[in-house]
Protein chains: 2
Amino acid sequence: MQIKTPYLLFLGDARDQLAAKTAQGIAYWRPEWCVGQLRLTDCNANLGLKELTVAEAAKAGVKTLIVGVANRGGIISDAWIAVLNEALERGMDLAAGLHNKLSEVPKLRETATRLGRELFDVRHPTRPFPLGTGAKRPGLRLLAVGTDVSSGKMYTTLALEKELKKRGRKADFRATGQTGIFIAGSGVSIDAVVSDFVSGAVETLSPANDPDHWDLVEGQGSLFHASYAGVTLGLIHGSQPDALVMCHEPTRQHVRGLPHFKLPGIKECMEANLAAARLTNPAAKFVGIALNTSQMSEADALKEIAKTEAAYGLPTVDPVRQGVAKIADRLW
Amino acid sequence: MQIKTPYLLFLGDARDQLAAKTAQGIAYWRPEWCVGQLRLTDCNANLGLKELTVAEAAKAGVKTLIVGVANRGGIISDAWIAVLNEALERGMDLAAGLHNKLSEVPKLRETATRLGRELFDVRHPTRPFPLGTGAKRPGLRLLAVGTDVSSGKMYTTLALEKELKKRGRKADFRATGQTGIFIAGSGVSIDAVVSDFVSGAVETLSPANDPDHWDLVEGQGSLFHASYAGVTLGLIHGSQPDALVMCHEPTRQHVRGLPHFKLPGIKECMEANLAAARLTNPAAKFVGIALNTSQMSEADALKEIAKTEAAYGLPTVDPVRQGVAKIADRLW
């Protein structure tokens, strides 16, 4: 799966900025791929990109319209279909990461088939994966793990890719979730893979490579999240990380979505992830901690970062406030 | 999903007894459901059941023909289709646990649709599952875990169900794999569930129950198996076991299918499973060890069982040689 760039970001009738967070992630990390945005009249999100009609986007050379908005329930609403269909008519492919598939909307399927356009439902893997083998393969791999979901794992690995490339190193971000896939242009939505094949899918996603090449593998879930821990474990085993980064949001009180689960401590969480990682890579080790301090004042954030760094003896940064150079320094 | 009994066990052209191990498991655990077997001319497996044609099976009241044989590659061979189709014509449903679906064979689908018969592809979950919540629910649950795959987990939980029922206790075996599903008549083939929903599927499979009711949940995989550990972790979190039984095959040298992975020790494996289980049930504890000593002499087996019991201070049995009464005694 390789999604063609550049993109038109479709924000639809997003009820708020959060509903368009997929589009926001793409615009932040790949501004050079984002020609403009298309918003319906009742859209409450805005990325500050150039407003384009489908016709204008086609003229500007857009290759793919990305549905960068999530409806309640993941529905592809009737209000969207006319716009999406016009994009197909004007030469674009469509891509979405919703639970519902573009390819299951009869009108869109029919137009795409007639014109030879592609419909990318990135949440739904279209290819079979082999079983994982756990066999060591050449190349270096870093995996972001977290004390919870939504703690900055995608951001951290993308920032590390950027930093390593700036330094002239060989590095690739490996996307395991829908927003990451739009940013990378390819990847596997790992939480949608049949459970038996999760580690095998990750082995496929980060194949053998040059001995000095880093795969920066986007993490998912958390070993301490009762809904998703199995996905996380398959991801750990399949990616065989040489290096791990722990991601943590210091103000969070409980596991996201599960108020009856206290957030685990960083130490406990590092030990559990390291034990899991060492099954397929006995040399796995932590190389840094990434704190998401977006909910804290600058002064409190810096204090928390210094405190954490002292407590664990690992380079600790907020990737947004400070970048990830200190962690990249630790990668060999 | 509820498969109607009694069964006709179809052994097809099984190349050896092992190829018919699904049928063998059913015949062992549910002899009262197995009216007979049907073997093609080049079949090398034999369960010793009454040989029946489809016509004779129909007359004997069979409700479902079970495909109890695995071909290389999981294919539904042309040689089978005539027989399977005749079973539909004579009033039976069909059930199989292959990677390929009965419902994708045009001839079978057409006949089933025309006559209103059911095609059960138990390897392929047909219903969506919710995300796991980790919320504690009433009722008691036991889960079999193992140092490896194929170490006796299904056998152990079925034996415990039988023993508890004999004692007049409320107990249900909960099937998580294809053979278990045919034996129970229902269940979820957990390794075929989309990874995000594994723990939720297990929560659905073992719902709230009477406070003195035991769910005996069939285990799958192993936390130390690089291919399947994620499936196992979701199963542990979703089943919220109050009691765990460790299953182990003492003569095995390496993890099945992965010669480069040494089998973990029982102690290390118990610690890892307990740590995982305590996320959703802090009171989880081991109540016994089940050794599969089928590859050992009686004398060696008894020595190994005594040694293991002494080392871990837990009731230790080979369920086949000795039954599971000693473990059932520990269930409250």
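## Where the two chains meet

In this predicted model, 29 residues of chain B are in contact with 29 residues of chain A, contact being C-beta atoms, placed from the backbone, within 7 Å. On the side of chain B that touches chain A, α7 (198-205) and α8 (229-239) each supply at least two residues. The largest share, six residues, comes from α8(B). Helices here are DSSP runs of H or I with at least four residues, and strands are E runs of at least two, numbered from the N terminus.

By residue type, that side of chain B holds 16 nonpolar, eleven polar and two charged residues. Nonpolar covers Ala, Val, Leu, Ile, Met, Phe, Trp, Tyr, Cys and Pro; charged covers Asp, Glu, Lys and Arg; the others, Gly among them, are polar.

## How the copies are related

## Inside chain A

Chain A has twelve helices and eleven strands. Its C-alpha trace spans about 55 × 45 × 45 Å along the principal axes. Contacts between residues 24 or more positions apart make up 74% of those in chain A with a separation of 6 or more.

## Reading the model

Residues are numbered from 1 along each chain as its sequence is written, and chains are lettered from A in the order in which they are written. Local features need pLDDT of at least 70 and side-chain atom pairs count only at pLDDT 80 or more, while totals for chains, interfaces and linings use all residues.

Terms used
Two residues are in contact if their C-beta atoms, placed from the backbone, lie within 7 Å.
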